[in-house]
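This report considers selected side-chain interactions in one protein chain. The sequence and structure are shown below.

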Amino acid sequence: MFTSCPICNQIITKEYGVVHFPHESASVTLQSPGVNKKWHPRFYKANDASMHRISGQWFDFVYDNRVEEEDICIFVPAKGGRRFRFTVHLLRAERDMHAGPFVPPYILPQNSCLSPLQQIIVEDKMQTIQLEAPLYVAIMKNSSVGVNGHYVLEFGAQYADTYLPKREEPILLQHKGKIWHTKLRIWSRRMRRVLDCGWRKFVRDNRLQVGDTCLFELKNYRKKLTMTVHIIPSDQC
């Protein structure tokens, strides 16, 4: 794990540095999810120590992202051959006690869970969204994206019973300024709520694949039931 020194150096363990950082002192590139700005601290290799460090513009990264003591930074090496470039996911320490009943910021289907990295990426995305209701997090399965010939997305009962209507009706899906017309259908007496009509076109237009994550953001106070969909490709998780 990574720890910060009082003079605002970032310590990198030797084991991690050997695999992911330069083999000699050099600049590296850091980026934060959803932010265009990049930071270029310098990596200092310590040949005779178990720890390396980065400094210089690391202070700027800390200042710009409001990193505080006990926050956790997870360095994810960039994919696609970009050497020594990292996306830094920030997991903030719990500092405030929740007042009143706690409402989870997102809901998963029953018996589903996120990996630690998926959780961090979802929470990073949530910081850019002004929520009107908890997000519904759906990881695409074969039946969601047509691998077995079906294009159906089922909402988990916990989310559907609380936030979705108990009748069939149209749903507008929004993504990057475009709109898709789908329909919420109810299967069986157990009130299973699914998207099928129109969902196939949404999947194909956005090239969804197994393992991609969709965050469904319910937009309240609209004349028609509307959800903004935020897509996290599987290669980012």
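Which side chain meets that of Glu 169 in a salt bridge?

## Glu 169 and its partner

The model is predicted. In it, the side chain of Glu 169 forms a salt bridge with that of Arg 167, with an N to O distance of 3.1 Å. Glu 169 is buried because its relative accessibility, 17%, falls under the 20% limit. Arg 167, by contrast, has a relative accessibility of 54% and counts as exposed.

## Arg 185 and Asp 196

A salt bridge also joins Arg 185 to Asp 196, whose closest N and O atoms are 3.0 Å apart. Arg 185 belongs to strand 14 (residues 178-187), while Asp 196 sits in the loop between strand 15 (192-195) and helix 6 (199-205), so the pair ties together parts that are 11 residues apart in sequence.

Arg 185 is partly exposed, at 26% relative accessibility. Together with Glu 168, Arg 185 and Asp 196 are linked in a network of salt bridges.

## A pair within helix 6

Lys 201 and Asp 205 are both located in helix 6, 4 residues apart, or about one turn of the helix. Their side chains meet in a salt bridge at 3.2 Å, N to O. Lys 201 is exposed, with 52% relative accessibility, whereas Asp 205 is partly exposed at 39%. The count of salt bridges comes to 8.

## Thr 228 in strand 17

Thr 228 lies in strand 17 (residues 226-232) and is buried, at 15% relative accessible area. Its side chain makes a polar contact of 3.0 Å with the side chain of Gln 174. Residues touched by Thr 228 also include Leu 215, Phe 216, Glu 217 and Lys 219.

Technical notes: Residues are numbered from 1 along each chain as its sequence is written. This is a predicted model: local features need pLDDT of at least 70, side-chain atom pairs count only at pLDDT 80 or more; totals for chains, interfaces and linings use all residues. Side-chain values use heavy atoms; hydrogens and water are left out. Helices (H or I, at least four residues) and strands (E, at least two) are DSSP runs, numbered from the N terminus. Buried means under 20% relative accessible area, exposed over 50%, partly exposed in between (1.4 Å probe, protein chains only). A polar contact is a pair of N or O atoms within 3.5 Å; within protein, one must be able to donate a hydrogen and the other to accept it, and residues adjacent in sequence count only if both atoms are side-chain atoms. Contact means heavy atoms within 4.5 Å. A salt bridge is a side-chain nitrogen of Lys or Arg within 4 Å of a carboxyl oxygen of Asp or Glu. Lists of a residue's contacts leave out its neighbours within four places in sequence.
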